[in-house]
Every structure is written in structure tokens, then in C-alpha cells.
Amino acid sequence: MKRIRWSVAALLLGLVGCGSIEEEAPADALRTQAATLRSCSSDLNCSSYCQCRSGACVPADVIPGPPPPTIDCDAPPLRTCSTGADCITGCGCQSGVCTRNVPSSNANCLLVPPDAFENDDTHLTASAYGAPQLKHTFHRVGDVDWILVYTPVAQVMTVQAYNVGFYQGLRVELYAYDYNNRTLGARLASGQGPSCDPFYPQCRNVTITGNVAAQGAYVVKVTDLRTLPQGDYDTLTPGNEPRYDLRMY
Ligand SMILES: [Ca+2]
């Protein structure tokens, strides 16, 4: 179809005997070249609101929230930031974009930095729960988070991961815990979600309940259920990041 259009255009320009095919051809050629250049192996290779399909960046099938005014899938991806804390080690925030700030670094500045609760990858290094823990993230493949909680009174305790990222599925488990010996006990409760269609914000949570004893110690394990390439742990799309907040009551 494109060849036919060009043939007609060339014919018309030839007939009127003015203008130049050379003035139009480069723009089309450049667009084709740019689209070819933006090849990808994962979504991380693509800019916001774009996805990698058959090795090329194309507009995403689903966009959380209102669409932006323009979507340019031929543009290279960037990780936007407001401070250096938004970027991984080896990268700083320059002009709102995570950029390598160590000359010898080969850091991939598109990746998600660990959250403030790391190192919490095992029950032995679990972070202690005192108040709702905000802005947890899964920052790489296989990342899990462990949280240690002390229960002063016997009750039915609710454990909830909320403000879960749009596309994210995760599992929440509650275990009895022998704190003196640092050994895991029985699994008391487990659940996974989102609880309903994640299009609705109220569905973006996973909630479980379990019976806990007075002056007891328990641990909560939160697991990312996605099995994505490393790069997809940051799709660079606001609202689509692998994150959650956690509360117990
Ligand atoms: Ca972790």
C-alpha cells in the first residue's frame, strides 16, 4: 500500500513539474528507520506506555489511568525521577532522569531501586513491623519480602497488602514463628490477588486473616507472583510498578 501511495505521489509531482520528491522521501525513510531501530527484547527496552511485541516497541494494549497526550514508541526509554533515591546505585537524578553518575559504572538506570525495607529476603532478616510499611517494592526477579510482627493480645489479625501495582499479582502468607530459635512454624493463612479486577483501585489488595496468640511472634511473607524478565520489573509506566503497602490490624 505504501509503495502505491509513493508511486501516485511521484506521478503527480512529475506531472506538475515542480516540488521535489527528495523533500518528502527522507522524512518517511527516517520514520521507517527509527521504527526499525527501536527493537526490543523486553518492555524495559521501550518507553512509557509501550510494550515489546515480536521484537519491536508498540503501543501498550492496556494503559492504567488516562492516556497521555502522545505516545512515542520510537523514543528510547527513560526512568524519570525527582531525587537520587528514585534511582539505583550508580545512577543519579539529572534533569528528572536517572543517569549514570559513576563513569566506570555499568548500572542499568532503568531498573527499580530496592525499597527502604531491604534486606528482608529471608525470615532471618525480616523487617520488624511497627506501623504500616509504605512503598515496598519488588526490585528484581525472585524478590520476596519478610516482615516480623509481635502480637501483644490474642485476636483475629488482618494482614493486608494494599496499593498494589496495577498489573501485579502477589501472595501474602502468615506463619507462626519461634523467635528464640528463629525457626518457621505452621502456615496459618495464605491469599493471593489482586482480589478482583485491578482496573478498580479497591481491588488492588490482598487480605488474609489468622488467629494469633497474646505475646506471640509471627512472620509474614510477601511473594511477587509474576515471572517476568528482569527488565520488566520496571515498565516505566506510572501505576504499573511492582509495589505495595503493608498493614496489620
Ligand atoms: Ca525483598
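Two residues are in contact if their C-beta atoms, placed from the backbone, lie within 7 Å. The model is predicted: local features need pLDDT of at least 70, side-chain atom pairs count only at pLDDT 80 or more, and totals for chains, interfaces and linings use all residues. Residues are numbered from 1 along each chain as its sequence is written.

Leaving aside neighbours within four places in sequence, Tyr218 is in contact with Val149, Thr151, Leu174, Tyr175, Ala176, Tyr177 and Val212.

## Nonpolar cores

A nonpolar core is a set of buried Ala, Val, Leu, Ile, Met, Phe, Trp, Tyr and Cys residues joined through C-beta atoms within 7 Å. A residue is buried if 20 or more other C-beta atoms lie within 10 Å of its own, exposed if 12 or fewer, and partly exposed in between, with C-beta atoms placed from the backbone.

The largest nonpolar core has 22 residues, and the members that touch the most others are Ile147, Ala161, Leu170, Val172, Tyr218, Val219 and Val220. At least two residues of this core come from each of strand 7 (144-151), strand 8 (155-162), strand 9 (170-178), strand 11 (206-212), strand 12 (216-224) and strand 13 (243-248). Strands (E, at least two residues) are DSSP runs, numbered from the N terminus. A second, separate core of 8 residues includes Cys40, Cys52, Cys57 and Cys73.

An open sheet is formed by 5 strands in the order 5-7-12-9-10, with mixed pairing. Strand 5 (127-128) and strand 10 (183-193) are at the edges; each has a single partner strand, so one side of each is left without a neighbour in the sheet. Two strands pair if DSSP finds at least two bridges between them.

Strand 5 pairs with strand 7 in the parallel sense over 2 bridges. In this part of the sheet, Ser127 stands opposite Ile147 of strand 7.

## Backbone features in loops

The peptide bond from Glu118 to Asn119 is cis, with omega near 10°; Asn119 is in the loop between strand 4 (97-100) and strand 5. The bond from Gly193 to Pro194 is also cis, with omega near 25°, and Pro194 lies in the loop between strand 10 and strand 11.

Ser54, although not a glycine, has a positive phi of about 55°. Ser54 is in the loop between strand 1 (50-53) and strand 2 (56-59), and counts as exposed because it has 7 C-beta neighbours inside 10 Å. Gln215, in the loop between strand 11 and strand 12, has a positive phi near 55°. With 10 C-beta neighbours inside 10 Å, Gln215 counts as exposed.

Key: Helix = DSSP H or I, 4+ residues; strand = E, 2+ residues; numbered from the N terminus.
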